[in-house]
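Please keep the structure open beside them.

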Amino acid sequence: MEQPVLKARSPTGQTGSAVPTAKQPSSNTSDTTGPKEVELILVKEHNGVQFTASTLANQAGRSHAPGPSHGHTPLPGEERETWGKKIDFLLSVIGFAVDLANVWRFPYLCYKNGGGAFLVPYMFFMVIAGMPLFYMELALGQYNREGAAGVWKICPIFKGVGFTVILISLYVGFYYNVIIAWALFYLFSSFTGDLPWVHCNNTWNSPNCSDLWAFNTSLNDSHKSTPAAEYFERGVLHLQDSEGIADLGLPRWQLTSCLGVVIVVLYFSLWKGVKTSGKVVWITATMPYLVLTVLLLRGVTLPGAIDGIKAYLSVDFLRLCEAQVWIEAATQICFSLGVGFGVLIAFSSYNKFSNNCYRDAIITSSINSLTSFFSGFVIFSFLGYMSQKHNVPLDKVATDGPGLVFIIYPEAIATLPGSSVWAVIFFIMLLTLGIDSAMGGMESVITGLIDEFKFLHKHRELFTLFIVVSTFLISLFCVTNGGIYVFTLLDHFAAGTSILFGVLIEAIGIAWFYGVDRFSDDIEEMIGQRPGLYWRLCWKFVSPCFLLFMVVVSFATFNPPNYATYTFPMWANVIGWCLAISSMSMVPLYAIYKMCTLPGKFCDRLAYAITPEHEHHLVDNGEVRRFTLQHWLVI
């Protein structure tokens, strides 16, 4: 129900008394004899959300664009872009969260850690941490309507964590796009009657290559390598031409071309904002489900498939007594939902203010987990087939990471009738899984920076071009002969401990400094329903404790990166740690910068730094809510 009323704009930008006021000219204005400007504000209330339209009496034709009166006042003539349709947003979030790790990581973890029993710690951590953090980021972005850095006007001293997640997304883009380029290379290679990873008679093969289909050689023979493994490492990566990370060589033109195609697709998907990216995800977010279903229908008909699925689901509750099982479940939750990359904040910032972000959080996070579980049936039906075909235990063919989708799975597909068709279908799925996740990471960087530096709004196309070209140039290191070493180093350090640290600081900043009660008020203002006690307890206590535990475990269980038998030199590990620290250091560096640039004594500076920007007038009057015990105790 809309109820128009006449109100005056208070000095802080909030609707106050119900009578019009005169806008007083500033003290430095020379003309003090002219007519005073009277500002009339029409306020419409709808579902608890106020929308305002104001007009200056002596300046006909000038008015502010309608928008929610919740603290962020758009510049005159500026109106934030919104999704064309609600489904565009949902598909974008699902497309980002459901990525390659859902296919190559979760099924293997489930198999390795007690089968169906692994779902117990997985669902436990999903409920107490995954969903609450997912919901928190969607609500944060939607209410403040800015990117990962701009939202921290709610607590300025924490803005550094916004730059932390933006940097992490940028770093991930340096190597994630390379995976998509590999998939594209495999896709082009699949348009042939005889797949190139079937036999050992190619120019890239070594004397150790053993044609499994001809000699039925055991897969666990350490002195032999399969045609599929040699195709990936020697035919695609040309790893044999590099002695290590100190011997990279020049970029391979084939992979560089594929990487260039990926970058072009990303640019034209992002250059116009969510109006274009929201349409691309109709294909990239839905195609994987169609392909997974087709592959499952084919996989379950193969001999040995049922054995593979049984191994995937076999329940071993005794494994739940092992701490490592719970740690791996917690780690999977942290990374699978995509919290901490700034993407959820960026995407939700383009929502309508009254959008039901609570429902969106439940739907999208549930779909993400169900997709991971569903993909396990697809993967293990083929792994069971491989195990029976070569008469080896399942654990000899079960693996995770790139080796699963670029070696084991192509190897299985190559044995099927019409193998080229199945290969094309499979790598199209990998492409679509990767593209929309890459789009999300790029959007986090672009939205986060253009919202922080307003002048970039008018040059979004050029700024997007700058970001994707910069990403392409750095990614060239990953498509050299030794590029897999750079890839492994980035993968190990770019988004490991640093992203856990970023989400921890984010949770503390919102739940403790901004206040979980105030955050709940914001959500109620948007959707007309206040979060229940369960969500508030998770935000204030459970999720921060969970994240702190994960950060400690991440440091305690750290192992230096390695690729197969290659061990990285010390200087490479130092570079990796510098990369990780560079993003985490944004938090203390910005806090120091903020404290040094604010006026007044230390206590005054601290008060301004931890108080929302639109409440700074209260600090001027000596009212600092965060200096009271009640603020820290309320839930």
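Is helix α18 (residues 483-493) mostly covered or mostly uncovered?

1. Helix α18 is mostly covered, since nine of its eleven residues are buried, where buried means under 20% relative accessible area with a 1.4 Å probe and protein chains only. Helices here are DSSP runs of H or I with at least four residues, and strands are runs of E with at least two, numbered from the N terminus. This is a predicted model, in which local features need pLDDT of at least 70 and side-chain atom pairs count only at pLDDT 80 or more, while totals for chains, interfaces and linings use all residues. Residues are numbered from 1 along each chain as its sequence is written, and side-chain values use heavy atoms, with hydrogens and water left out.

2. The buried residues of α18 include Tyr 485, Phe 487 and Phe 493, and what covers the buried residues includes α5, α19 and α21, as well as the strands β6 (562-563) and β7 (566-567).

3. Helix α19 (residues 497-527) and helix α21 (residues 570-584) pack at an angle of about 10°, with their axes 9 Å apart; axes are lines fitted to C-alpha atoms, for helices over the stretch in contact, and angles run from 0 to 180 degrees between N-to-C directions. The two helices α19 and α21 are therefore roughly parallel, a term for angles under 35 degrees. Thr 497, Ser 498 and Phe 501 in α19 meet Ala 580, Ser 583 and Met 584 in α21, contact being heavy atoms within 4.5 Å.

4. Phe 406 touches, among others, Ile 179, Trp 182 and Phe 427, leaving aside residues up to four places away in sequence.

Key:
Angles under 35 degrees count as roughly parallel, over 145 as roughly antiparallel, 65 to 115 as roughly perpendicular and the rest as oblique. Buried means under 20% relative accessible area, exposed over 50%, partly exposed in between (1.4 Å probe, protein chains only).
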